[in-house]
Amino acid sequence: MEGEAGIKNDRDKFEKAPTVEVSPDLSDKFTIFERWLRENGTKTRKLELRDYGNEVRGCHATSEIVEDETIIEVPLKCLITVEMGKDTDIGRAIIDANLELDAPKHIFLMLYMLIDRHNPHSFFKPYYDILPPTLSNMPIFWSPEELKYLQGSYMLKQIEERNHAIAADYQSICNVVPSFNSICSLDEFKWARMCVCSRNFGLIVNGIQTAALVPYADMLNHYRPRETKWQFDDSLQAFTVVSLQGIHTGDQVYDSYGRKCNHRFLLNYGFSVENNIETDGCCPNEVPVLVELKNSDPLYDAKCTYYRRDFMVPYRRIRVCVSDNENTKLLLAMLRLIESDKEDLEILLSCSGSSMYRSIRDADIAISLKNELRMLQSLVRLIDEHLRQYPTTFEEDVHRLQHGNVPLFSNERNALIQVKGEKEVLLFFRDFANTGAIGLKLRDLSEFDEFLNQVRVSKHTLIFQYCRGTVGRLLHEEIRRGDYRASHRNIDLSKPTVV
């Protein structure tokens with residue numbers, strides 16, 4: 001398949017992708033699956049399943065759907081819940097052993113599925129038979145060659161950590177129940193973990209907070225803003241999906257997996273959102289930026305003392321996105337501490353008991369013009385260091401996505417969308433720092449007003465707000481101090497002064 005230009009969002013991607021012919025064996029399994037659902041009371045009258053290849057499926061409307069229409073109804077007996085896993089012999093052994101597991105709710109759902117699928121007469125066999133057999137789109141299953149697509153991204157570390165966490169859970173269960181390795185291998189355990197991770201719904205069923213696997217409903221793909229809503233309806237004793245708007249015949253029916261960074265979509269669901277922009281214009285994509293105190297700094301010990309009021313170690317990896325949220329404030333505050341000289345640090349320490357500077361998180365008010373300038377210069381160096389870790393530039397990634405013959409739904413494309421999104425965030429912060437530094441170097445208020453007008457029309461709103469607020473305040477203070485010093489420069493204090 002040729003790479004696609006003009007993909008603005010995932011709806012475009014699905015519309016451009018042709019459906020594929022399903023193998024006779026899989027087609028038979030889906031026929032059996034849908035018959036099993038109908039025979040057990042599931043209602044999906046206006047929907048059909050389509051296959052896009054590469055284990056990507058979707059639900060489409062077969063006739064017009066109106067707003068507030070129940071389009072999926074799955075009775076309780078067709079759901080696999082956390083309680084069912086807890087009620088197995090292995091589930092009870094895990095509870096009795098009080099094991100600390102990485103994802104307990106997921107584990108109990110996995111347990112039930114892994115144990116029950118060995119039963120050739122299982123009630124849920126039609127469901128097990130249509131689950132994706134490889135999950136090859138999930139990064140924890142990618143080959144070494146495919147992982148190279150993520151070179152430079154912290155996601156590689158997260159994939160490694162996810163693999164280690166799953167292996168640790170598997171070994172912990174085997175230590176308590178030695179026969180567990182005869183029920184499933186580590187690879188099968190990983191497969192089940194990612195099946196559950198990508199398909200479970202958090203629900204309240206008859207007053208009990210739980211999670212469940214919901215056959216058919218878990219086929220809905222992600223799109224925002226949401227077009228459907230779901231819940232467990234106690235009055236119907238069924239899981240329901242209800243439309244929030246009209247949906248036309250042939251259109252795909254979507255669920256919303258929530259507002260998330262692309263790294264969470266890719267790691268947990270096996271896809272990246274082409275244009276991950278919310279209706280308010282914000283992008284939730286994040287980059288984990290490592291910030292650490294310099295042990296060569298003469299003030300290192302004093303800064304560590306201040307720093308450890310919040311954190312145990314003299315470094316922190318902060319997830320930042322294009323937002324004026326708490327993480328952005330924390331990043332700037334930590335860099336202000338790192339770049340503080342003796343005078344700056346004395347200000348921080350002397351004020352640490354006041355409402356202004358109780359901790360690093362409260363140190364989001366700029367200390368001085370010189371410190372702020374050093375902080376912004378440090379931010380540029382930090383961003384450039386992160387960007388150098390990638391083998392390609394943001395512009396090259398954009399060009400490849402538009403003209404590079406990167407197949408839709410491929411691991412390569414999903415990785416490319418992920419690293420492009422990271423670079424977009426990093427480039428924003430570099431522009432933020434460079435623009436702010438230009439403003440801080442001005443010494444004339446009329447020049448600053450002209451600069452601010454240019455920033456207003458040419459830069460991101462957050463950059464303008466920072467320049468108008470923080471940069472403007474520091475510049476006005478510096479000019480006032482300069483005027484004060486100039487007015488007192490030639491006064492002879494040894495002589496009387498007439499007032």
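**View 1. The second largest cavity, with a volume of about 30 Å³.** On a 1 Å grid over the protein atoms alone, a cavity is a set of points where a 1.4 Å probe fits but cannot get out, and lining residues have an atom within 4 Å of a point. Its volume is the space filled by probe spheres set on the points, which are joined across faces, edges and corners. The model is predicted: local features need pLDDT of at least 70 and side-chain atom pairs count only at pLDDT 80 or more, while totals for chains, interfaces and linings use all residues. Residues are numbered from 1 along each chain as its sequence is written, and side-chain values use heavy atoms, with hydrogens and water left out. The lining of the second largest cavity is formed by Ser153, Tyr154, Met155, Gln158, His263, Glu286, Pro288, Arg319, Gln418 and Glu422. Two or more of the lining residues come from each of α8 (155-176) and α17 (411-440); helices (H or I, at least four residues) and strands (E, at least two) are DSSP runs, numbered from the N terminus. The lining has 3 nonpolar, 4 polar and 3 charged residues. Here Ala, Val, Leu, Ile, Met, Phe, Trp, Tyr, Cys and Pro count as nonpolar, Asp, Glu, Lys and Arg as charged, and the others, Gly among them, as polar.

**View 2. The largest cavity, with a volume of about 440 Å³.** The search of the whole structure finds 2 cavities of 30 Å³ or more. The largest cavity is lined by 24 residues, of which Glu55, Asn137, Asn221, Tyr269 and Phe271 are the closest to its centre. At least two lining residues are supplied by each of α1 (10-16), β2 (56-61), α10 (186-199) and β7 (221-222). Helix α1 gives the largest share, 3 residues. By class, the lining of the largest cavity divides into 11 nonpolar, 7 polar and 6 charged residues.

**View 3. Arginine 162, a residue of helix α8.** Arginine 162 is buried and has no salt bridge. Buried means under 20% relative accessible area, exposed over 50%, and partly exposed in between (1.4 Å probe, protein chains only). A salt bridge is a side-chain nitrogen of Lys or Arg within 4 Å of a carboxyl oxygen of Asp or Glu. The nearest side chain of opposite charge is aspartate 102, at 5.1 Å; Lys and Arg count as positive and Asp and Glu as negative, with His and the chain ends not counted. Leaving aside residues up to four places away in sequence, arginine 162 touches Ile140, Arg193, Met194, Cys197, Leu267 and Asn268, where contact means heavy atoms within 4.5 Å.

**View 4. The salt bridge between lysine 43 and glutamate 73.** The count for the structure is 26 salt bridges. In this one the closest N and O atoms are 4.0 Å apart. Lysine 43 sits in the loop between α2 (24-39) and β1 (47-53), and glutamate 73 in strand β3 (residues 70-75), 30 residues apart. Lysine 43 is partly exposed at 38% relative accessible area, whereas glutamate 73 is buried at 15%.

**View 5. Arginine 224, its salt bridge with glutamate 278 and its cis peptide bond to proline 225.** The side chains of glutamate 278 and arginine 224 meet at 2.8 Å, N to O. Glutamate 278 belongs to the loop between α11 (262-269) and β11 (287-292), and arginine 224 to the loop between β7 and β8 (228-233), 54 residues apart. The relative accessible area is 11% for glutamate 278, which is buried, and 28% for arginine 224, which is partly exposed. The bond from arginine 224 to proline 225 has omega near 0°, and proline 225 is in the loop between β7 and β8.

**View 6. The salt bridge between glutamate 412 and arginine 400, with phenylalanine 409 in the loop between α16 and α17.** The closest N and O atoms of glutamate 412 and arginine 400 are 2.4 Å apart. Glutamate 412 lies in helix α17 and arginine 400 in helix α16 (residues 394-403), 12 residues apart. Glutamate 412 is partly exposed at 22% relative accessible area, and arginine 400 is partly exposed at 31%. Phenylalanine 409 is not a glycine, yet has a positive phi of about 70°. Phenylalanine 409 is buried, with a relative accessible area of 8%.

Conventions
On a 1 Å grid over the protein atoms alone, a cavity is a set of points where a 1.4 Å probe fits but cannot get out, and a pocket is an open set with protein on both sides within 12 Å along at least five of seven lines; lining residues have an atom within 4 Å of a point.
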